[in-house]
Amino acid sequence: MKEVVVVGGGKIGSMIAEMLAGCGDYAVTVADASAQALERLETSAPVKKVAVDITDEVALNALLAGKFAVLSAAPFHLTVAIARAAKAAGARYLDLTEDVASTRAVKALAKDAKSAFIPQCGLAPGFITIAAFDLARRFDELYDVRMGVGALPQFPSNALNYNLTWSTDGLINEYCEPCEAIVGGVRRETQPLEDREEFALDGVLYEAFNTSGGLGTLCETLEGKVRNLSYRTIRYPGHAAFMKALLNDLRLRDRREVLKDILENALPATLQDVVIVFVSVSGLRGGRLMQETYAQKIYGAPIGGRPRSAIQITTAAGICAVLDLLAEGKLPSTGFVRQEDVALADFLANRFGRRYAPPQVEHIAA
């Protein structure tokens with residue numbers, strides 16, 4: 001059994017621990033600064049729980065010594081500290097961050113690392129990046145790559161048409177930070193909550209708008225190869241206008257802790273959610289203008305004897321599948337590894353990655 005450390009005992013960290021401990025191939029330690037969070041964490045298979053201050057470099061280095069890998073499910077502002085400790089310990093490093101600056105810091109740490117550093121292993125960035133790159137590489141010449149992901153309540157019942165399904169810090173960060181994009185062949189930054197569009201899927205109307213971090217490293221990978229590349233978050237109509245009022249008109253963009261307190265006290269969590277994944281790629285293939293689209297919905301389900309939300313399942317399955325592929329030697333063993341380096345066929349064939357693979361998209365794994 002390979003020893004791994006999951007940093008963060010929240011919604012996603014607990015799901016990662018459940019999946020890895022339950023498969024029988026990993027001995028899992030869950031680390032969190034909050035003893036209360038660790039007490040609440042329950043899994044169907046035994047895991048070790050350690051209360052540790054993640055900002056204590058000495059304690060974190062000691063915890064990671066001799067471990068096969070560390071998987072960060074901690075808030076994005078702790079990313080660099082955990083990656084630095086992983087490098088010092090010689091452990092493989094994986095995270096879920098959507099924060100662009102944190103990923104750049106991880107990439108810098110990975111340059112001379114003796115182990116693999118694989119950030120952005122969740123849903124977006126993560127699986128959406130893997131799926132988009134798989135579609136993109138089938139074209140002789142790329143025109144447009146449009147990506148979108150949404151984690152939504154099945155039964156919205158408030159003015160925001162939203163329930164909290166994952167990290168509030170991460171949600172606010174992606175609504176506030178600049179967004180990477182390629183527009184007219186030029187790499188640039190766009191503003192969050194802008195470029196709103198509406199579309200229908202299975203008879204339901206949605207809106208999509210710019211948010212930060214979802215592209216992962218695709219801007220760098222496809223620069224000079226695509227005319228337009230964008231990532232948008234999917235919500236029910238009306239959400240973007242409401243968030244603009246909070247962030248801009250009430251100036252909560254500059255008071256993020258206040259906004260976090262408001263959201264966490266006003267919006268209930270839910271396990272009755274749906275994750276929407278949408279990728280559309282157009283370009284030339286064999287001299288003809290073609291378009292190919294990947295779209296699916298994933299719902300919550302019981303795992304380990306407990307109901308789990310769709311965002312828990314998809315995010316945890318992403319990082320667990322990449323860990324498996326790394327352990328199997330299907331990914332580079334040292335340095336910086338991009339999500340684009342993960343073959344979609346390998347991902348969907350993996351025991352964790354199969355959570356993403358409905359029958360109607362089997363042709364993508366071919």
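Is Ala 101 buried or exposed, and what is its relative accessible area?

Modeller: Ala 101 is exposed, and its relative accessible area is 52% (buried means under 20%, exposed over 50% and partly exposed in between, with a 1.4 Å probe and protein chains only). Please keep in mind that this is a predicted model, in which local features need pLDDT of at least 70 and side-chain atom pairs pLDDT 80 or more, while totals for chains, interfaces and linings use all residues. Residues are numbered from 1 along each chain, and side-chain values use heavy atoms, without hydrogens or water.

Ala 101 belongs to helix H5, which covers residues 100-110. Helices (H or I, at least four residues) and strands (E, at least two) are DSSP runs numbered from the N terminus. Between the C-alpha atoms of Ala 101 and Asn 210 the distance is 17 Å, and 109 residues of chain separate the two.

Helix H5 has a partner in helix H4, residues 79-89: their axes come within 9 Å and cross at roughly 15°. Axes are lines fitted to C-alpha atoms, for helices over the stretch in contact, and angles run from 0 to 180 degrees between N-to-C directions. H4 and H5 are therefore roughly parallel to each other (under 35 degrees; over 145 is roughly antiparallel, 65 to 115 roughly perpendicular and the rest oblique). On the side of H4, Thr 79, Val 80, Ala 83, Arg 84 and Lys 87 make the contact, and H5 supplies Ser 102, Ala 105, Val 106 and Leu 109. Contact means heavy atoms within 4.5 Å.

The axes of H7 and H10 lie 10 Å apart, and the packing angle is about 125°. H7 and H10 are therefore oblique to each other. Here Thr 168, Asp 169, Leu 171, Ile 172, Asn 173 and Cys 176 of H7 meet Arg 256, Glu 257, Leu 259, Lys 260, Leu 263 and Glu 264 of H10.

H7 itself, residues 168-176, is mostly covered, with nine of its nine residues buried. The buried residues of H7 run from Thr 168, Asp 169 and Gly 170 through Leu 171, Ile 172 and Asn 173 to Glu 174, Tyr 175 and Cys 176. Their cover includes helix H10 (256-266) and helix H9 (239-249), together with strand E11 (204-210) and strand E12 (228-235). Where H7 starts, the backbone nitrogen of Asp 169 has a side-chain oxygen of Ser 167 within 3.4 Å.

Thr 190 is part of strand E9, residues 186-190. The relative accessible area of Thr 190 is 7%, and this residue is buried. Once neighbours within four places in sequence are left aside, Thr 190 touches Pro 178, Cys 179, Ala 181 and Asn 210. Asn 210 is also the residue whose C-alpha atom was compared with that of Ala 101.

Val 279 sits in strand E13, residues 273-285. With a relative accessible area of 0%, Val 279 is buried. Apart from neighbours within four places in sequence, the residues in contact with Val 279 are Ile 128, Ala 132, Leu 135, Arg 146, Met 147, Glu 292, Thr 293 and Tyr 294. The C-alpha atom of Val 279 is 9.8 Å from that of Phe 133, a residue 146 places away along the chain.

The loops hold some backbone details. Pro 125 lies between strand E6 (116-118) and helix H6 (127-136), and the peptide bond that joins Ala 124 to Pro 125 is cis, with omega near 0°. In the loop between strand E7 (141-153) and H7 one finds Asn 161. Asn 161 is not a glycine, yet its phi is positive, near 55°. Leu 193, in the loop between E9 and strand E10 (197-201), likewise is not a glycine and has a positive phi, about 70°. Leu 193 counts as buried, at 1% relative accessibility, whereas Ala 101, the residue of the request, is exposed.

Conventions:
A polar contact is a pair of N or O atoms within 3.5 Å; within protein, one must be able to donate a hydrogen and the other to accept it, and residues adjacent in sequence count only if both atoms are side-chain atoms.
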